[in-house]
Amino acid sequence: MAKIHVTTTVNGEPVEFLCEPQQSMLDVLRGPLGLTGSKEGCGSGDCGACSITLDGRLICSCLMLAVEAEGHEIGTIEGMASGDGLHPLQQKFLEMAALQCGICTPGVLIAARALLEKNPDPTETEVRFGLAGNLCRCTGYDKIVRAVLETAAEMRGAKAEMPEAVR
Amino acid sequence: MNDMTNKWIGQRTIRPDGAEKVTGRAAYAADTTMPGMIWGKVLRSPHAHAVIRSIDTAKAEALPGVKAVVTRADIVDFPLDKPVMLGIQDMRWMSRNVMAREKALFHGHPVAAVAATSESIAAEALRLIEVEYEVLPHVIEIDDALRPDAPILHDFLRFEGKPSNIAGKLEHKLGNIEAGFAEADVVIERSFTTRPVHQGYIEPHACLVSVAADGKTTIWSSSQGQFMVRAMTALLTGLPQSDIRAIPAEIGGGFGGKTIIYLEPLATLLSKKSGRPVKMVMSREEVMRASGPTSGSKSTVKIGATRDGRLVAAQGTFWLQAGALPGSPIRGAAGCGFAPYTIPNVVATGFDVVSNRSKVAAYRAPGAPIGAYAVECVIDEVAEALGMDPLELRLKNAARQGTKAAHGPVYPRIGFMETIEAAQAHPHYNTPLGEAPAGRLRGRGVASGFWFNAGGESSAQVNITEDGNVVVTTGHPDIGGSRASIANITAELLGIDYKRVSVLIGDTATIGYSNLTGGSRVLFASAMVVTQSAEKVITSLKERAAKIWKIDPEAVAWENGEARPVSENAGRFPPLSLAELAARATETGGPIGAGVQLNTTGAEGGFATHLCDVEVDVDLGIVRVLRYTSFQDVGRAVHPSYVEGQMQGGAAQGIGWALNEEYIYDRQGRVENAGFLDYRMPVCSDLPMLDAVMIEVPNPKHPQGVRGVGEVPLVPPLAAVANAVHDALGKRFYALPMSPPRVLERLEG
């Protein structure tokens, strides 16, 4: 089968690749593009480990065809830290131990960044629904939610208001 | 080390592997590639139970791009007449689990594997393999497997002299059970069922294997033990262990499910045949159908108490589904259920039952949640019958130092009572549930739990770099932050900043034998070998300083990362720092480093008590957890954040087990919900914050006071949630999960 040529942007850099028409964006990221930070946990859009952004919108890359990247902007975990340091979410996840095995972490971070870009001052409930598409089996989500709330507060220059009933 | 003067033990330091994990750079097994790599895939049985008459691979082998095919003929067989044990795993069963031999024993059982130049060619090749099956009647549920006319899975299994699906029995006895019940004023007996549930790690099983022309084999894989991978692969392929180097990739969750292998021997044989590196990655569907899960169960528990609230007799019978081959966790179910209590008369019996579903793998405190679910629900009913507060009843009967447990040990200093007292004093237990909105009911439940914990073999090497920093290597895959704790301990012992300590996981060629990451043993055991290694290093550093100062080594102290004379009498010398001593290593005796290998003992049991508030929507049947607090004796929280993380993660898994997770089989014995959409694990919006209260009663047999903390958190939640639902509805559930259809059925029934 003839491969299709795709011209796109990944993490702000121009990228070209060849793919088969049925290949997912995740397969191309992890294969030919060597960007293995996006993970495959299910291949059916249920776990969120492959979360990326397409023109800033949060999507599961396992559900996107690679050919659909033509002319669009893809954002992956590899583009989250800038040259001079980690994104505040990445830093806060480390400080607050919001990861254990780390396999869901890239997807969770991408989803959390997408959430904060839309809603810089989310409630706990908004964070929980914003991350409801990202399965984590290790943490019970507690430290993840706290880290996102703290980061949001820091990025706004405020102090996080932790939910009641919790120290 | 257990005093409060610690500088690093107890600190929430940044984990050594953290930056790589938040930037997507950490290498998991599926992220690994090699030049010339090809892809392996597994053909799986479409039947739950069938004789495999023949396998014809000729057409598949002829397909362009196919480089190798393996079948049962390629896997080492083990005669059925005697066990071949590797740890707790019997290789007779492991051989038949990685590849069906005489029969396919479950839907999804591997029948053949191929390696091809692309994933799509490998998939096409699977379709070309012709397998002739003779389909047999199958059996999934325990009751069906125990019927006199049940299809028998294995001709070689006998129970009480007859062919049977019962593969084993275990019994713990203490005191005189009849006399105990005769003494009781209140006796409650109930029967329970739980469904099989999966560990649910987000990373599917994956490996990359390269067998070189000289037979030297390298395995990169996701596992809870690189030495287990090496040993099992050697046994199943016939390669010597010395030819296999097993490299532990970062592991994306395991929870016990990666303490055995599935793909590694297949990829090894495919690589050997093809001469190419072979990569294999399971799909989520394959993970759900053919790996893990833990047992479904049925159990009956009977507890007797005197009017004043003394538990005097307890009897439990636990039947656990092993899956297709023997080995369900009856030891956890029968051993752990009554272990939190001082009960003079106990009989606990477990039965291992085979049936046509995937063979169970360990799942976090294997069997213990099943046992505790039944026991803790009955304890709740005993408290109700006595008119006692359920925590008060537990406290009155709590195991303590000197209690003789039915499963064997006499407890040393333990912190179970402290967990109950902390729960009683906590605002959670003393805050009213509050008014529920219309159509909803609220309730609060409590439950406790115990897990054995484990010691065993560990190795460590502590090396001082030439620039005076530290590299620590241990042999256990880090599944939840153990490297961070090892950095804290090493920094504490050597008196240096934790950032100067690098912690690595060695492979089978670079570190001594280390047993699995399992049994909540990793920090307990590795802290021991790291401590002894660091102490040897400190001894060496003191000797070197003594040599430089020309004084007796006994006259040198190691404090705050420096050698100094113990007193002015020993001599007046400016201190020598680690960096200064490292720089002078060559002249003082050579490289500085030490390794220790031990079979560690003294891992004492762990206990916890959980509080759970729920709100039940009586129209929809949805149970929502409003508040959850865990109280656990953690020994010593070397890195509190990752101890809390274990407690929170275990609670979340337990809530999933209690409320939604279950394997659903169709009439053909196929799993109907083999994916994350229909196998419903808790998502972020399902849960509240999960409060974790760490109680530190140091383990007297450990240099830092460490107790295992990873598994206890999954033991109490099933009953804590069930008891809360009872409190809300006034009706008891004797079956899990309490999913919306079941709740509605119970409400209407």
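How much area do domain 2 of chain B and domain 3 of chain B bury between them? Hold that thought for a second while I set things up. What we have here is a predicted model, so keep that in mind as we go.

Okay, chain B. I'm going to talk about domains 2 and 3 of chain B. Where they touch, domain 2 of chain B puts in 18 residues and domain 3 of chain B puts in 19 residues.

Back to the question, then. The two domains bury about 1600 Å² between them, and 65% of that is on carbon and sulfur atoms. On the domain 2 side, the residues that lose the most area to domain 3 of chain B are B:Trp93, B:Met288 and B:Arg289, and together they make up 37% of what that side buries.

What about specific contacts? Salt bridges between these two domains of chain B: zero. Polar contacts: five residue pairs, with both residues at pLDDT 80 or more.

Now, which elements are doing the touching? On the domain 2 side, helix H3 (91–98) and helix H9 (284–290) of chain B each give two or more residues. H9(B) gives the most, with five residues.

Technical notes
Residues are numbered from 1 along each chain as its sequence is written. Chains are lettered from A and ligands numbered from 1 in the order in which they are written. This is a predicted model: local features need pLDDT of at least 70, side-chain atom pairs count only at pLDDT 80 or more; totals for chains, interfaces and linings use all residues. Side-chain values use heavy atoms; hydrogens and water are left out. Contact means heavy atoms within 4.5 Å. Buried area is the accessible area (1.4 Å probe) that two parts lose on being put together, summed over both. A salt bridge is a side-chain nitrogen of Lys or Arg within 4 Å of a carboxyl oxygen of Asp or Glu. A polar contact is a pair of N or O atoms within 3.5 Å; within protein, one must be able to donate a hydrogen and the other to accept it, and residues adjacent in sequence count only if both atoms are side-chain atoms. Helices (H or I, at least four residues) and strands (E, at least two) are DSSP runs, numbered from the N terminus.
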